[in-house]
Amino acid sequence: MEKNSKKDRKILMREHGIPNTFEFANLLDGSSVWSFEKFKKGFSVKIVRETPDKFELEFDLIGCNAALANAFRRILLSEVPTIAIEKVYMFNNTSIIQDEVLSHRLGLIPLKAHPKVLEWPAGEWKQDEVDQQSTLSFELKVTCKKNPQAPKDARRPSDIYLHHNVYSSDIKWVPLGEQHLLHPDGAKKFGPIHDDILIAKMRPGHEIHAQLYAVKGIGKDHAKFSPVATAAYRLLPDIEIVKEVTGEAAERLQSCFSPGVIDVKVSQGIKKAVVKDARYESCSRNFFRHDDLKDCIKLSRIADHFIFTVESVGALPSSTIFIEAVEVLKEKCKTFLSELEEIA
Amino acid sequence: MATPKKRLSQLAGDGSNDEKSATFVFQDEGHTLGNALRSIMVQYPEVEFCAYSVPHPSESQMHMRIQVKSGRAVDILRKGLEDLYRTCEHVSKTFDDAMGAFRGKVKMETN
C-alpha cells in the first residue's frame, strides 16, 4: 500500500467500483496512531458560503475522519434541540379538518424561539399545571364569516368570505405567568417563522379555537424538533487529466462533467480541456461512456475533505446549529466521563 | 433529562475476568457516539481490539467492546472520551475562528 501523504488520500472512482476504500477506514495522517496533537495539526475549517439570512451555510471540514464528520451530521439532524408545538387543547373545531390531523399540522409548524429560553420539560405533562419554565403558550382562534361588504357579483372565496384561510400568522403568543415580564418583546420573539403557512380552509360558520403548548425537544423524539431542513456532507471531488484532451474531444469531455468544472482553453487554434473547479462536480462518471476519454481522466475524492451543507429551518442560524452540535457531542463525553469515575 | 439515571454500565465478564477486556453499555446512545469514539480508540497502540454495536434497534443502547494488550480497558475508554472531548473543543474553536474571519471578510466586501 502506498503511503497516505496528503496528496494520496484519494478515493479512486473507477468505471466499475471504488477499489481502495479500505485504506481510509481509519484515516489519519498515514500512520495509524491517534494523537490529539496530530489531529490539531491536520485539521482545518473553511467557510465557503453563507446566505445573508444566515440560514444556509456551506463549509469544509478538512483533516478529520468520517466517523467524526458523520457524528456531527447525525447530531445536527436529531440531537440539537428546538422548540415546537407539542400539546394542542382543542376548544372548538367545526372546520372539515379533523382534530388530530389539525394538531399534527400545528406541531409541524416551525417556531421562532431560541431553544435557550426554555428549560427541558420536567417529567410528565400535567394537564392543569403548565410549567412556565418549560412551556410557551399560543392561541389560535379563527372564525369564518360571510363578508358583508362583498360586491353582489363577487364569486371568489377571498371576496365573499372573511378568514376563510387559516394561516400560521393567526397563531398568537399568550404569556404564561410572568413570561410577559421576562420577555417584554415576546409577541415578536415567539411565533411561527413563516407567516404564510396555510393551516386550514374554512367556510362561513366554521371555527377553530385551540390552545397550543410548545416545548423543547430533539429530532430523535420527533422530526418537528429537528433544527435543520438538510444537513449533509460529501467528499471533495478531484479530477486529474492524465492524457491531454484536445479538439472536439475537449468539448465532449466538458459536457461529461457538471457545468463550470471543465474549461476549454484555446491556444494556437487548438482547443484543450483543463480542470477549472472540481468542487461542484457531481461525480456522475459520465466520461467512462466514451472509450477515447475514459483513460484520459483520473477521478477521485479526497478522503478527509468534507463539504458540509447545512440548511436551517429558521429558528437558529446554521453556524449556531453546528456549534450546538459540537457542544452536544462534548456534553456526551462529559456525561460518560463523570459516570466512569463511579464505576472505575 | 429529568432524573439523573445511570447511563453507563459494564457487562458481566467473559471468563478471562481480568481488567484487560471489557464491554461497556451506553444507555440512550447509538452510532453517533459509538462510531466516533471507536474511530479514536482503535488507533491507540495499546488497543488490541475495539468495536461497538447496537445489539437491537428497538433498544436504545450501545455496546462498546475494548480489549487491550496491557493496562486496563477502563483507562482506554477514559482516554478515548477525553480525546473526543478535546477534539470537539478544537473543532468548535476552529469553526468559530473560521466563521469570524469569513463574516469579517464579507462585511469588508459589502462596505
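Hi everyone, let me open with a question: is B:Asp75 buried, partly exposed or exposed? B:Asp75 counts as partly exposed, at 30% relative accessibility. For those words, buried is under 20% relative accessible area, exposed is over 50%, and partly exposed is in between, with a 1.4 Å probe and protein chains only.

Some housekeeping before I go on. This is a predicted model, where local features need pLDDT of at least 70 and side-chain atom pairs count only at pLDDT 80 or more, while totals for chains, interfaces and linings use all residues. Residues are numbered from 1 along each chain as its sequence is written, chains are lettered from A and ligands numbered from 1 in the order in which they are written, and side-chain values use heavy atoms, with hydrogens and water left out.

Now, confidence. The predictor gives the complex an ipTM of 0.93 and a pTM of 0.92. Chain B has a mean pLDDT (the predictor's confidence in each residue, from 0 to 100) of 90, and 93% of its residues reach 70 or more.

Next, the interface. Chain A brings 49 residues to the contact and chain B brings 47 residues, with contact meaning heavy atoms within 4.5 Å. About 4,400 Å² is buried between chain A and chain B, and carbon and sulfur atoms give 71% of that. Buried area here is the accessible area (1.4 Å probe) that two parts lose on being put together, summed over both.

There are 4 salt bridges between chain A and chain B. The rule asks for a side-chain nitrogen of Lys or Arg within 4 Å of a carboxyl oxygen of Asp or Glu. B:Glu29 makes a salt bridge with A:Lys332, and the closest N and O atoms are 2.9 Å apart. Which elements of chain A each supply at least two residues of the side that touches chain B? They are α1 (36–42), β2 (44–50), β3 (56–62), α2 (66–78) and α8 (318–343). Helices (H or I, at least four residues) and strands (E, at least two) are DSSP runs, numbered from the N terminus. The most comes from α8(A), with 18 residues.

A:Glu58 pairs with A:Arg279, the closest N and O atoms being 2.8 Å apart. This pair links distant parts of the chain, 221 residues apart: A:Glu58 sits in strand β3 of chain A, and A:Arg279 in the loop between β16 (270–275) and β17 (297–312). A:Glu58 and A:Arg279 are both buried. They also belong to a network of salt bridges with A:Arg49, A:Glu56 and A:Asp60.

Back to B:Asp75, which forms a salt bridge with B:Arg72, with the closest N and O atoms 3.6 Å apart. B:Arg72 is partly exposed too, at 29%.

My last stop is A:Asn93, in strand β4 (residues 82–93) of chain A. Why is A:Asn93 called buried? Because its relative accessible area is 16%. The side chains of A:Asn93 and A:Ser95 are joined by a polar contact of 2.8 Å. That term means a pair of N or O atoms within 3.5 Å; within protein, one must be able to donate a hydrogen and the other to accept it, and residues adjacent in sequence count only if both atoms are side-chain atoms.
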